[in-house]
Amino acid sequence: MNIEENNGSTVINRSTEYVPAKDWRHFLIGRPLSTADAPHQTIGKFLGLAVFSSDAMSSVAYAPQEMLLILAAAGVSAFHISIPLALGICVLLAILIISYEQTIHAYPNGGGSFIVARDNLGPIPAQMAAAALLTDYILTVAVSISSGAAQMVSAFPELYKYRVWIAVLMVLVIMLVNLRGVKESGITFAIPTYFFLIMMYVMIITGLVKLAMGTLGVVEMAPQDLVNSQQVIQPITAFLILKAFASGTTAVTGVEAISDGITAFKEPRSKNAGTTLIIMAFILGSMMLAITFLANHAGGLPSEEETLISQLARTVFGNRGVFYIGAITATTIILVMAANTAFADFPRLSAIAAADGYLPRQLTYRGSRLVFSKGIGVLSLIAILLIIGFQASVSRLIPLYAVGVFLSFTFSQIGMSRRWWKTGKLKPGDEIIEKGSKLVYDKRWKLKLVANSAGAVMTAIVMVVFAITKFTDGAWFVILLIPLLVLGFSSIHRHYMKVADELSLDTYVASSHLHRQRVIMPIGGVHKSTLVALRYAKTLSRDITAVHVSIDPVETKKIQNKWEQWGDGYRLVVLESPYRLFIEPLLEYIKELDETKAPNEIISIVVPQFIPKHVWSSWLHTNTADTLRKVLLHRKDIVIMEVPYQVD
């Protein structure tokens with residue numbers, strides 16, 4: 001232990017060499033990391049793509065399928081519409097990437113839509129953005145894990161009845177990996193991520209070459225559950241097309257993740273995060289277009305029995321051989337890993353919102369591996385409940401998925417637009433320090449304002465379309481949930497503000513010293529524990545009253561006799577309890593004393609408490625101190641002290 005005394009100051013700085021002892025948690029999540037290790041836990045572009053892009057990249061496994069599933073209502077002949085819809089989604093992706101690339105450089109401390117909305121639009125939009133993003137991250141875990149389980153079931157149909165528990169197990173595994181730290185989770189997931197990219201591009205390139213050569217063929221033994229379910233073919237309407245487009249936009253729901261987790265990147269972190277974002281966009285856009293294009297030409301059918309990726313892979317590779325197994329395995333793994341994006345961002349966003357007083361402050365604490373472990377635990381629990389509740393069905397979870405994230409997109413775009421408008425009002429050389437960033441004059445502010453305004457309009461349109469077209473399918477739940485979350489955030493914030501105001505020293509006036517301290521000592525018997533507590537009570541005051549609640553007259557007589565011998569002359573008050581109640585008569589007596597005490601008098605309740613050697617036996621004894629503490633906690637000028645006596 002090193003101790004350094006600061007001369008002339010009442011503050012003493014101490015440093016310790018204490019290292020946490022090894023326990024079972026070391027085996028699961030690794031040795032504890034010190035705060036000084038934090039800079040070494042940051043990641044570069046290579047690992048950043050694995051940690052923060054798996055959600056966006058994995059969406060190609062279900063977004064084209066969900067788009068075709070909606071178009072199937074108009075018959076297989078409507079599938080060709082999916083190609084221009086995929087192009088439209090890529091245009092939307094480009095707009096979002098331009099916006100979030102600007103956000104990354106403008107807000108290098110992370111937080112994404114929440115920080116942008118807070119600094120530019122106010123607390124309510126910020127809370128709505130936080131509610132939308134947190135909801136989206138929870139659904140990301142539920143959807144991606146359920147989709148991963150579906151991929152496994154496609155390859156091994158006999159596992160179908162176990163899909164829910166397979167999904168739950170996947171959540172627990174990925175939770176455990178993330179508890180080990182950002183860097184370790186990145187290293188763990190880097191190989192599977194790049195394996196997925198290799199297998200997808202091998203499948204895409206092989207499929208395009210075969211299509212050009214006229215040898216691609218069509219899907220054999222296509223699933224019939226979709227065909228059999230279509231009793232009446234609907235006409236191709238604008239509503240149907242918009243609904244299909246809304247389902248396809250789930251492909252872009254992970255693009256905000258990098259802007260939320262900038263602080264995880266190595267310096268220069270904004271540059272590394274921005275480069276990773278652009279790489280991710282190119283990969284996502286190219287795969288989305290290619291898979292949709294090939295699925296149309298190969299005659300793939302969306303199905304709960306077999307995924308579109310599985311149908312496409314066995315058609316392109318000609319069988320269920322090594323390459324097919326590789327593609328399915330890679331897709332399953334990346335879908336499970338897509339949840340890792342949420343596990344990386346949900347705890348960070350929760351911590352930022354909690355630091356602003358909108359969530360419990362406990363979420364700001366880092367665990368032994370320098371990650372926000374409480375946030376990881378909360379995310380895991382809620383996602384598991386969703387998976388069980390929706391029986392790991394991707395189609396049932398998808399309608400809940402994108403409303404929230406497009407709401408956050410919209411707030412981010414509007415917030416960035418207002419930011420550029422504010423910078424345009426500055427003069428060259430001027431600067432304004434805001435909570436999350438620094439405003440300086442930008443000569444290209446008009447161009448950026450137009451770009452973000454256009455993005456705000458487009459994402460708002462998509463959000464409204466999704467909300468309307470998916471309302472009856474389950475989007476109503478998220479539309480209702482977000483305002484409820486905002487009410488919860490506001491309530492938590494008001495509580496913290498009220499507590500801060502009550503505890504503030506700004507208007508504090510020191511009260512006069514206590515003139516008197518009255519000590520009350522409840523006793524159930526006279527023994528060693530009682531005398532130890534009495535000895536401590538003597539250090540507080542000479543005004544000591546022992547109190548015994550009489551239930552058994554014979555036992556009470558014994559206690560009186562012992563107190564006469566061992567009580568050192570202090571008074572004993574016996575409270576008769578004809579209804580054999582213990583705590584109520586005692587509380588009534590304390591209440592009477594409290595109501596008649598002097599202005600500068602305090603009541604101290606000293607409770608003898610013997611502590612058994614074995615923890616398991618503690619439930620055999622009455623914990624009076626805890627009961628009194630719970631009941632009297634809200635009364636002023638009453639102090640409850642427990643005096644332990646260890647029993648060997």
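Are Phe-114 and Tyr-358 buried or exposed? Phe-114 is buried, and Tyr-358 is too; buried means under 20% relative accessible area, exposed over 50%, and partly exposed in between, with a 1.4 Å probe and protein chains only. A word on the ground rules: this is a predicted model, where local features need pLDDT of at least 70 and side-chain atom pairs count only at pLDDT 80 or more, while totals for chains, interfaces and linings use all residues. Residues are numbered from 1 along each chain as its sequence is written, and side-chain values use heavy atoms, with hydrogens and water left out.

Back to the rings. The structure has 7 aromatic pairs, a pair being rings of Phe, Tyr or Trp (its six-membered ring) with centres within 6.5 Å; planes under 30 degrees apart are stacked, over 60 edge-to-face, and the rest tilted. Phe-114 and Tyr-358 make an edge-to-face pair because their planes are at 85°, with the centres 6.2 Å apart. This pair ties together distant parts of the chain, 244 residues apart: Phe-114 is in helix α6 (residues 112-120), and Tyr-358 is in the loop between α15 (322-355) and α16 (373-389). Helices here are DSSP runs of H or I with at least four residues, strands are runs of E with at least two, and both are numbered from the N terminus.

Now hop to Phe-406 and Phe-409, another edge-to-face pair, at 5.2 Å centre to centre and 85° between the planes. They are 3 residues apart in helix α18 (residues 402-424), so about one helical turn separates them.

Next, find His-548 in strand β6 (residues 544-550). His-548 counts as buried because its relative accessibility is 7%. Beyond its neighbours within four places in sequence, its contacts (heavy atoms within 4.5 Å) include Ile-523, Gly-524, Thr-556 and Leu-572.

Finally, look at Leu-480 in helix α20 (residues 471-503). With a relative accessible area of 47%, Leu-480 is partly exposed.
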